[in-house]
Amino acid sequence: MPTARRASVLRLDPPPASSSASPSPETPRPVDALDRHFALEVPRVFSEAERAALVAGVRAARAEWTSDFGGEQFSLGRAFYTHLEQGRSRVYFADAAASDARVERHLPGLQRRMRELVAALTGGLAQPRRGFCGPGVHIFPAGEKVAREGGVVHFDTEGLSDYHLARRLRAITVVVMLELPDADGGLKLWDVLYDGRDDPGDEALSARSLVAGYSPGGALVIDSYRLHQIQPFPGDRDRISATVHAAEIDSGRWETWF
């Protein structure tokens with residue numbers, strides 16, 4: 001489980017730019033830096049004006065949020081892991097097209113921008129995963145369970161196929177912070193990668209770690225196989241973030257989902 005990566009976050013400034021050219025095997029990709037660092041930080045994915053407009057759109061869509069785990073958290077657009085853990089996968093897939101339509105109606109261009117960010121990070125083609133929901137938004141309410149106790153310690157492997165997991169093919173999680181809580185609420189990252197066990201155990205939790213912070217409108221990018229946890233946050237402001245998962249299914253070709 002433990003790795004030899006640096007306990008550090010690499011800041012990509014200026015942010016990477018996507019290219020329509022086919023990637024060359026010799027061309028370094030920003031995502032490859034995850035072999036040496038716990039995470040990548042990408043500032044200014046959205047300008048302040050764009051970020052504020054997206055937050056307003058999320059708030060205006062309150063009636064169309066999906067409630068998960070008894071109201072502990074919400075999403076705009078359906079998230080695969082929440083539906084899987086609640087035994088609601090059929091609802092997720094049946095509503096995928098409508099979920100994307102809701103996100104686009106309230107947050108026009110968000111899904112496209114998130115896929116473009118994946119393309120820029122990977123130097124490849126980022127396309128929607130067939131049958132799955134596209135990028136969406138998580139809302140963790142102030143004062144609720146995650147705010148008080150932090151999130152579940154986990155890996156982002158729920159959406160990966162057995163084939164992908166067995167071959168340890170590249171997969172990443174990209175989170176853009178749309179609204180920070182009043183304080184804290186960062187992402188704790190451990191020097192631990194998925195080894196087939198969903199429960200990391202005490203040895204993994206004692207490995208070296210760091211808490212990565214967010215900037216408004218900026219992204220954190222992690223290896224989906226890395227152990228991580230949302231940290232508690234005080235105050236009256238919700239934690240609102242846009243997320244896209246991506247898996248490399250062929251050289252230079254990535255599938256994306258939420």
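This is a predicted model: local features need pLDDT of at least 70, side-chain atom pairs count only at pLDDT 80 or more; totals for chains, interfaces and linings use all residues.

A salt bridge is a side-chain nitrogen of Lys or Arg within 4 Å of a carboxyl oxygen of Asp or Glu.

| Salt bridge | N to O distance |
|---|---|
| Arg 11 and Glu 41 | 3.0 Å |
| Arg 51 and Glu 48 | 2.7 Å |
| Arg 129 and Glu 255 | 3.9 Å |

The pair of Arg 129, in the loop between strands S5 and S6, and Glu 255, in strand S13, links distant parts of the chain, 126 residues apart, and both residues are buried. Salt bridges that share partners also join Arg 29, Asp 32, Asp 35, Arg 170 and Glu 248 into one network. By contrast, Arg 51 and Glu 48 both lie in helix H1, three residues apart, about one turn of the helix, and Arg 51 counts as buried at 13% relative accessibility. Arg 11 is partly exposed, with a relative accessible area of 42%, whereas Glu 41 counts as buried at 17%.

Strand S7, which spans residues 171-179, has nine of its nine residues buried. Eight bridges join S7 to strand S12 in an antiparallel arrangement, with Val 176 partnered by Ala 242 in S12. Strand S10 also runs antiparallel to S7, joined by five bridges, and there Thr 173 stands opposite Ile 222.

Gln 111 lies in helix H5 and counts as buried, because its relative accessibility is 6%, under the 20% cut-off. The side chain of Gln 111 reaches the backbone oxygen of Pro 135 at 2.9 Å.

Terms used:
Residues are numbered from 1 along each chain as its sequence is written. Side-chain values use heavy atoms; hydrogens and water are left out. Buried means under 20% relative accessible area, exposed over 50%, partly exposed in between (1.4 Å probe, protein chains only). Helices (H or I, at least four residues) and strands (E, at least two) are DSSP runs, numbered from the N terminus. Two strands pair if DSSP finds at least two bridges between them. A polar contact is a pair of N or O atoms within 3.5 Å; within protein, one must be able to donate a hydrogen and the other to accept it, and residues adjacent in sequence count only if both atoms are side-chain atoms.
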